[in-house]
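Let's take a friendly walk through this structure, one region at a time. Keep the viewer open as you read.

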Amino acid sequence: MIYIRATAGLAAIGLLCSVAPPLSAQEQATPPPVVETPATAPPATTTAPAPVETPATPPPAPTAAETAAPVPAGETPPPATVDTAAPPAEAEPSQTLPEVKVIQEAPKPAPAPKPVEEAAPKPKKKIVKAAPPPPPPAQETPEPAAPEATATIEPPAVPPVATVGPPSGSTAVKMSPMSGSEIPLDKVPGAVGVVSAADVARNGSGQVQNVLQQQVPGIILSDTAGSGFRTDVSYRGFDASPIGGRSQALAIYMNGIRINESFGDTVNWDAIPANAINDIAVVGSNPVFGLNAIGGAISVTMKDGFSYEGGEIDLMGGSFGRKQLAVQAGGNTGGVGAYVAAEAIEEDGFRDFSAAEVKRMFADLAFKGSDGEIHVSFTGAKSIAGVVTAAPVELLAIDYGRTFTSPQDTEYEVMMPSISGRVQATETLSISGLAYYRRFKQNVLDGNLSEVAACDALGPNAGFLCLNDNGVEERVQAADGSFVGEGDVTGPLGSLERINQDAKSFGFSTQAVEKSQLFSRPNQFLVGVSYDHGKVRYDTSSEIGTIGDKFVITGSGIIVNAPDDLLPRDLTSENDYYGVYLSNTLDVTDALSVTVGGRYNHATIKLQDLTGNFPELNTTNKYDRFNPMAGVTYKVVPGLSVYGGYSEANRAPTAAELGCAEPENPCLIESFLTDDPPLKQVVSKSWEAGVRGESTSWDNQKFTWSLGYFRTLNVDDILNVAATTTGRGYFLNAGDTLRQGFEASAGYRNDRLSLYGSYAFIDATFKTDLVLSAPNTPGAPDCPDLKPGEQATCNFVSSGDHLPGIPRHRIKAGFEYWLTPQWKFGSDLVAASDQFFFGDEANNNAKLAGYTRVDLHTSYDFNEHVQIYGLVKNLFDKKYGLYGTFFNTDDATEAAEPQGIEFSDPRSVTPAQPFALYGGLKIKF
């Protein structure tokens, strides 16, 4: 590990630390160009890339493919939120034309470019070419023109190169998970966050979650797992986590494929190759995005051989044994494009037993013609991570890298081939489709304190090990049928839970988009259907072990076969999700656009016990609902628009939740499922309203800003609650919860400097009075209706109490400055306020403290092929927590007796990574 004080390292940082965008043709973030200016230029010019030239002065100049409009003749640049198979929003007189045909016409000496030259950008070009190149040089774009009188002609939406603040109003935004549904942001009745490939490269961590946190105002990270590769993404108080037990409330898509895993809707972010990402879009609640979109959706679009041309090798290393290699290559010829990317990352981790190894790849083979395209893609990943979770604060005070009970290892493999395509059936009608197969295998080894203890020395079971259930002792039985004696395993006792799942999923989607006029006005109508099927083999077992030094548990070889609570499980779960959706956006006037739509969801979830010991697990649960949406946008003046909308969405309980929903028979989350009553589906009702603006000056200065309000009420929300028995819990419908607040963001850039900043206020509260089990929460009173001799404490939750784990305030800010035409330097800041510990739903205890974190990055370009860069993470070495909960101090002290540690503080926290320094080399060819 490398620890460097900030005062001693700033000089080295200036030369070594930064993450720069790759020098590849698509990711090069040269002095940020105002790529969105075509939105204000005459429509004809935006479809003709030829007049836009790129200077070849340093910093290394982008090729034509790096700019927003110029691309190789006959090819289509992917919009910011579009799958690789998608064309950008098209333009046509009074309506949009098929993009493929327009691009083919672009190289011809059509009269379209003439208005550009008459509008005076030509003299500007001469000035740029004649003048000494400013550091960094500006991309040449047509002069910002006054709004055209023919406002019904819709210019194509422009993909961003590097997002600085909120996206431009011309940015293309998907209105469904699939490509072809894009409309300009100016017409979207909700907030949208955009992350570009350059943003991902600049962050340099290889962890997609970190980039989302930095760029999207409403996103903050939590860390249930204790691994930087497996952190949770929380957007407006809704989670997308790789860990079972969190309430999953975001729909995640990759090239139009829903990648929430079948068994628990978990999301394995580290399976996505970071260097293969073209862009990411984060949208608010939109029912068209299907199940789990109650809090919003995140759509990841990957590169292909038409959006990326060239090759790159990226080598990086640094603190905590970090070694990282990333390669990518792509190109096209004669309508055939190919792209491949791979990453290999190893890290020892800053905590004990927290090593991680990730290998992942993405490949795409594309065929394009005048009337359509087809993509054959493959995603593969293998991840091994020490998921070391939270640790007692008193243990972290001894050593910041200490862990509590291990091993806690998670290993998985993902394989996902897919095929997608688009056909331009007529000049206004396009039809898209995709199909996929996904194989997901995961093995978890989880060390815990054991519920098993020596039986009462004066009782009938003396000399044996027992499981005490509400005062009733049951002997522990091994797999061979024998009872386990006290002397068979030395104390203190621990357990090793093994949780395995093998999931096979497949599905398809078909969508039609019609762009013919309605009532003589521009209009886009889309309709689609989707089907997703998943089947999971799920098994668990528990082995008794001994807790040793550093709370490492060594197995005894005794697999527990009784009592029933610890009996191995072996079951299958099967889910079928059907969806039918539609959406229509009509330009009522040149300024007013109205969007209406909705989606019908049907979910069938089956559980089947394969052991014969739990026949009550054999259940079938069905859920269905139609979710509507409606919204309007209005362009007040050029560069200023307002929006507002209402939508509903639903989330069906997962197989993991349905199998663990009985307070009287809780399970080891999420290993030992039980026979439980069905849960209700969650229904969200969301409102959004806001205003956004942008301005561009003649000298390439760009300013964008946005301000929005949101309010989402969840009906019958599902909550994970700790049980009175240590280490156990269950899911329940916890009545209504409310998440509301506002987000503000702004960005500015000129030829040398870019600045951004955002603030989000998120108020997440219970709206229903509840009584929840709180076995380890300090100060919790006794539960009501206790039987004689029973002891249990509960949280008495009142309407208005805050949900745990959700900071109310979050601030992001940063800058990037070109010191010379070759040398770039920047900094990023993330700050979050305090939050309540999980287990303190009644808000009776002190909060987990907030934090402010500062990162630095820099890069130096020797030439257009070679770049060195450096990164500093957590510059001021702040010690703070990303997740907090409570634990049983008595049980922990007993387990720590051989180590001489005594616990009195029940707080348990997942620590954030301390100061880290990384350096790297990129070679472009």
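At 5% relative accessibility, Phe903 counts as buried, because the cut-off for buried is under 20%. Keep in mind as we go that this is a predicted model.

What does the ring of Phe903 pair with? Its partner is Phe404: the two ring centres are 6.1 Å apart and the planes stand at 85°, so the pair is edge-to-face. Across the model, the count of aromatic pairs comes to 24.

Stay for a moment in the loop between helix 8 and strand 17, where you will also find Pro407. The peptide bond leading from Ser406 into Pro407 is cis, with omega near 10°. Pro563 sits in the loop between strand 25 (553-562) and strand 26 (569-587). As background, most peptide bonds are trans.

The charged end of Arg236 sits over the ring of Phe710, 4.4 Å from the ring centre. Likewise, Lys879 lies over the face of Tyr400, at 5.4 Å from the centre of that ring.

Next, turn to an open sheet of three strands, arranged in the order 4-5-6 with antiparallel pairing. Which strands stand at its edges? They are strand 4 (219-222) and strand 6 (238-240); each has a single partner strand, so one side of each is left without a neighbour in the sheet. On average, neighbouring strands here are turned by 30° against each other, direction ignored. Helix 7 (residues 208-215) packs on this sheet and touches strand 4 and strand 5, with its direction at about 140° to that of strand 4. Strand 4 is joined to strand 5 (residues 232-235) by four bridges, and Ile219 has Tyr235 in strand 5 as its bridge partner.

Now for two buried residues with polar side chains to find in the viewer. Gln867, in strand 41 (residues 866-873), is buried at a relative accessible area of 1%. Its side chain makes a polar contact of 2.8 Å with the side chain of Asp861. Thr765 lies in strand 35 (residues 753-766) and is buried too, at 6%. Leaving aside residues up to four places away in sequence, Thr765 touches Thr737, Leu738, Gly800, Asp801, His802 and Leu803.

Finally, have a look at two backbone angles. Most residues other than glycine have a negative phi. Ser520, however, has a positive phi near 65°; this residue lies in the loop between strand 23 (493-514) and strand 24 (523-547). Is Ser520 buried or exposed? At 61% relative accessibility, Ser520 counts as exposed. Asp716 also has a positive phi, of about 60°, and is found in the loop between strand 31 (702-715) and strand 32 (718-722). With 21% relative accessibility, Asp716 counts as partly exposed.

Methods. Residues are numbered from 1 along each chain as its sequence is written. This is a predicted model: local features need pLDDT of at least 70, side-chain atom pairs count only at pLDDT 80 or more; totals for chains, interfaces and linings use all residues. Side-chain values use heavy atoms; hydrogens and water are left out. Rings of Phe, Tyr and Trp (its six-membered ring) pair if their centres lie within 6.5 Å; planes under 30 degrees apart count as stacked, over 60 as edge-to-face and the rest as tilted. Buried means under 20% relative accessible area, exposed over 50%, partly exposed in between (1.4 Å probe, protein chains only). A charge sits over a ring if NZ of Lys or CZ of Arg is within 6 Å of the ring centre and within 35 degrees of the ring normal. A polar contact is a pair of N or O atoms within 3.5 Å; within protein, one must be able to donate a hydrogen and the other to accept it, and residues adjacent in sequence count only if both atoms are side-chain atoms. Two strands pair if DSSP finds at least two bridges between them. Axes are lines fitted to C-alpha atoms, for helices over the stretch in contact, and angles run from 0 to 180 degrees between N-to-C directions. Contact means heavy atoms within 4.5 Å.
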